[in-house]
Amino acid sequence: MSGLNATLGYFLACGILAASLRTPLKRWPRLAFLSELSSSFMLVACRLEVQTIMEVGEWAGGLGPDVTLTILAAVLLAHGAVCGDHSGNPTVSVLRFLQLDAAPLATVLAVASHFLGAYLAMLAAAYYWSLELTDMHMIKNLMSRECSTSLLVTPVQGFFAEGVCALLFHLAHLFLRRRTALIRVPVGALLLTFLSHIAKGYTSAYVNPSLAYGLTFHCSGFTFAEYALVYWLAPIAGMILALLLYMGHIPRIFAKNLLYFHKTRFRVRKGGEKERKK
């Protein structure tokens, strides 16, 4: 129980830090990319601890799979509640750019902030584990040099698995983006938890390039290019396909609708046209 209390305290500290950074930035909209940095930091830092629980929690702390899933869902729910529209996900920022909702410079700064936040989260988590507050963290320090990769299939299979998960995630995101946060945040958290559970034996369904960079890119087993194929290109491909299915076109590239034809609701009678000509 003391180990779980330490973990909960760590999650709380990450959430308070992210919220404290976001509050003053609301006054300066031009610095919105820094909110993405804090959002990415909170997400990656908390997911690193969740990953630790998944790897060694069951036999080092008595935390079974049901507890792990509950903690993951709670972390995702808290992240959505604290960070709001700032998802900490580079593909979401690129999606906004393709929808003409964000400028090129703002998108580049947001994506850079995502990866910087992920890197800072890796440093913060490593320092937290070095304190060895629990037996679980002591074992994590011993295993830190030989971490287990999340990619458990071939890169080609991983590309399709991660791409499908990204497609489902972004379709849900597009359908729910105008809904109230009371609906959008819980549904998003449950969907990501479900995708992570069913893809556990494949890619873990991160559907987030910066999150994958922080959680598995440093693990041995695959090259950087293979990781990039699965965890960077696949989510982008899934996002683009989701946008095409949702809107029928990509506004940033072309305005013509390729998939759907919108008919007018009102029809003009032929007799009415003849009367107008007379």
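1. In this predicted model, H2, H3, helix H4 (90-98), H5, helix H7 (155-176) and helix H8 (181-198) each contribute at least two residues to the lining of the largest pocket. Helices are DSSP runs (H or I, at least four residues), numbered from the N terminus. A pocket is an open set of points on a 1 Å grid over the protein atoms alone, where a 1.4 Å probe fits, with protein on both sides within 12 Å along at least five of seven lines; lining residues have an atom within 4 Å of a point.

2. H8 gives the most to this lining, with seven residues. Among the 45 lining residues, Asp85, His86, Ser87, Val92 and Arg96 are the closest to the centre of the largest pocket.

3. The second largest pocket has 14 lining residues, with Gln51, Met54, Glu55, Ser150 and Ser204 nearest its centre. H2 supplies the largest share of that lining, five residues.

4. Thr134 lies in the loop between helix H5 (104-130) and helix H6 (135-143). Thr134 is buried, at a relative accessible area of 9%; buried means under 20% (1.4 Å probe, protein chains only). Its side chain makes a polar contact of 3.1 Å with the side chain of His137; such a contact is a pair of N or O atoms within 3.5 Å, one able to donate a hydrogen and the other to accept it.

5. Residues are numbered from 1 along each chain as its sequence is written. Local features need pLDDT of at least 70 and side-chain atom pairs 80 or more, while totals for chains, interfaces and linings use all residues, and side-chain values use heavy atoms, without hydrogens and water.

Technical notes
Buried means under 20% relative accessible area, exposed over 50%, partly exposed in between (1.4 Å probe, protein chains only).
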